[in-house]
Amino acid sequence: MKRFIRSAPVRLFAALLIALSLGSLLSLALRGNHSPLTSAVGLITTPLQGLSASLSRSLQDVAAHFKSSTVLQAQLAKKEEEIRALRQRVVDYDNLKKDNALYEKFLGLKEKNPDYQFARATVIGTDAARYFGSLILNRGSLSGIAVNNPVIFGNAVDGGYLVGIVTKVAPTSATVETILNPNVNVSIYDTKSSETIGVATSTAEWAEQGYCVVSQLERSTFIDRGDLLCTSGLGGLYPKDLIVGTVVETRDEAASVTAVVAPAADMEHLRDVFVLIAW
Amino acid sequence: MKASGAGLFSAAIQPIRRVVGVQKRKKYLRRALLGALVLLTAMAQHVPWLPVVSGVYALPLLPLVISIAALDQDISAIFFGAFAGLLWDCNTVGFGWNSLYLTTVAFAVAMLMRYVLNRNRLSLALLHLLAVSIYILQRWFLDYLLLALRPAAFGWLDTAASRQLLREQALRVLLRSALPSLLYTLLLAPLLYALVLLIVRRTSRKQRRLIEGNPVALQNI
C-alpha cells in the first residue's frame, strides 16, 4: 500500500488535483472568472476554436449545394473556379463590407443611446453539457467584457435584441446564458401599455420549443398576442428598451395568465453579437 | 525522383535520429497524436462538429479520456485527462469542475486497469458507462434536481406551484436531454476507443505487448 501511495502516478495525480482545486477556488473567489489554468489553455485554444467554427459554417454551406441538381452543381463548380481567381481581393472587400453592415445595424441603437459602449464578438461554440442555450464568444476580459454584461443582436430599425447575459469570462472568451435558460430572468414591459408587467424566463418545456414565458400575470394585465416586450431596466442588469420578443400566445391558468414569448433573436443561428460593456 | 526525395528526407532527419532513439520518437509521436485527438474532440464537442439530435449533445471527451487511460501509460493518461478537462472548462460555466473530474477519472481508470481489472470489452464498457453516467447525472442533479428539492436556496419562491414546476422541469430534462445525451455519448465510445487503440498499437511496442500479452484481451479487443 505504501509503495502504491508513493508511486509516481499517485503523486502526480495528487499534485494535479491540488493545482486544479486551487484554480477552482480562485475561480470561485474571482466570482465568474475562469481559473488561471483554464485561462492559460483558453488563450491558445480559443482562436483555434474560432477558426474551426468558421470552417464548420463554411462546410455547412458547401453541403447545402449537394442537394442541388447535376446541372446546378456543374455551374456552381464553374463559378467557384472564377471566384478562386479573384479570392484575395474579394475576401478583403467582403470583410470590410461585413464590418460596415454589422456596425450599420447598430447605428440606430448607438444614435438613440450614445453612452452605450459595445464589444463585438462572434459565437464560436456552445456548452454541450448544459441543456439550455449557453454560448461561447471569442472575446473576453481583454476586450472589456465582464460578468453580467448583457449580450445583444442588432437591427437598425428596432435596435438591440436581447440574447442573454455573460456569466463567465476568461481573457479571450466569455460564456453567455441566453434568455432561453431557466436561470435567466428579465424584467420586461409591454410596449403597447408601457407597463412593467413581470419577468420573462423560460422552463425546460418551453426552452425546447425555443420560447420564453412570462407567468403569474394578473388577469387584469393588458397583454395580447403580437405585443412586443422589452426590458424595463428594473434591477439594473439590463438597460431599458432592449427587445426581448413578441407574445405568440396567452394562456389562462387557475388565477393568472401566462404569456408565451418568441425571442426576437434567432438563438440557433446567431453568429455576430455585441456585448454591452457600459451604459 | 521518388527515391531521391526519400533520400533527401532521410538525410534531413538523420541528426534527429542520432539524438532521439526510435522508441522515444514513437513515444513523442504517440503523445502528439493523442494530444491532437483530445484537441479535435474538444472542438467536435463544443463547436459543435458532431450532429445535435433534437437538442441533444454528445460529450465525446469523456469516453476519449477513459480510452486513453485504459490504453496508454498511467502518467501521460493523467496529463491527458487534465488537459481534456481544462479544454472543457474553457467552454463551460463552472469553477473548473470538469478538469478535476476528468483528471480523477483518468487516474482511477489507469489504476483499475493496472491493478484490478482485466483489459477486456466488458470492463471497458462498464467503465465507460460508469464514468459517463456519473458525470451526466451529477450535472442533472446539481443543475435541476437540487433546484427542485430546495428552490429557496437558489432564489426561487418556495411555493407548491414553483416546486411542482421545478420537479416537472427536472424530470423533463432527465428524460429529454440527460439520458439521450448519455446514450449518444456511449454510442461514440467504440469509435474513440478504436482511434486511441490504433495510435497506441502503432507507436508503442510496450503498450502493445501489455494489451496483446493478455490472451483474454487479445481475443476481446
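View 1. A:E208 is partly exposed, at a relative accessible area of 36% (buried means under 20%, exposed over 50% and partly exposed in between, with a 1.4 Å probe and protein chains only). This is a predicted model, in which local features need pLDDT of at least 70 and side-chain atom pairs count only at pLDDT 80 or more, while totals for chains, interfaces and linings use all residues. Residues are numbered from 1 along each chain as its sequence is written, chains are lettered from A and ligands numbered from 1 in the order in which they are written, and side-chain values use heavy atoms, leaving out hydrogens and water. The side chain of A:E208 meets that of B:R172 in a salt bridge with an N to O distance of 3.3 Å; the term stands for a side-chain nitrogen of Lys or Arg within 4 Å of a carboxyl oxygen of Asp or Glu. This pair crosses between chains, running from helix α8 of chain B, where B:R172 lies, to helix α6 (residues 204-209) of chain A, where A:E208 lies. Helices (H or I, at least four residues) and strands (E, at least two) are DSSP runs numbered from the N terminus. B:R172 has a relative accessibility of 23%, so this residue too counts as partly exposed.

**View 2. The interface as a whole.** Three residue pairs across the interface are in polar contact, both residues being at pLDDT 80 or more. A polar contact is a pair of N or O atoms within 3.5 Å; within protein, one must be able to donate a hydrogen and the other to accept it, and residues adjacent in sequence count only if both atoms are side-chain atoms.

**View 3. Buried residues in chain B.** B:T103 sits in helix α6 (residues 97-116) of chain B. Is B:T103 buried or exposed? B:T103 is buried, because its relative accessible area is 0%. Leaving aside residues up to four places away in sequence, B:T103 touches A:F13, A:L16 and A:L20 as well as B:I78, B:G81 and B:A82. Helix α4 (residues 61-71) of chain B is mostly covered, with eleven of its eleven residues buried. Among them are B:L61, B:P63, B:I66 and B:L71.

**View 4. A salt bridge within chain A.** A:D227 pairs with A:K192 in a salt bridge, with the closest N and O atoms 3.0 Å apart. The two partners are 35 residues apart and link distant parts of the chain: A:D227 is in the loop between β8 and β9 (228-231), and A:K192 in the loop between β6 (186-190) and β7 (195-201). A:D227 is buried at 4% relative accessibility, whereas A:K192 is exposed at 58%.

**View 5. Positive phi in chain A.** Most residues other than glycine have a negative phi. A:N148 is not a glycine, yet its phi is positive, at about 75°. A:N148 lies in the loop between β2 (134-137) and β3 (150-155) of chain A and is partly exposed, with 38% relative accessibility. A:Q216 also has a positive phi, near 55°. A:Q216 belongs to strand β8 (residues 212-217) of chain A and is exposed, with a relative accessible area of 63%.

How values were computed: Contact means heavy atoms within 4.5 Å.
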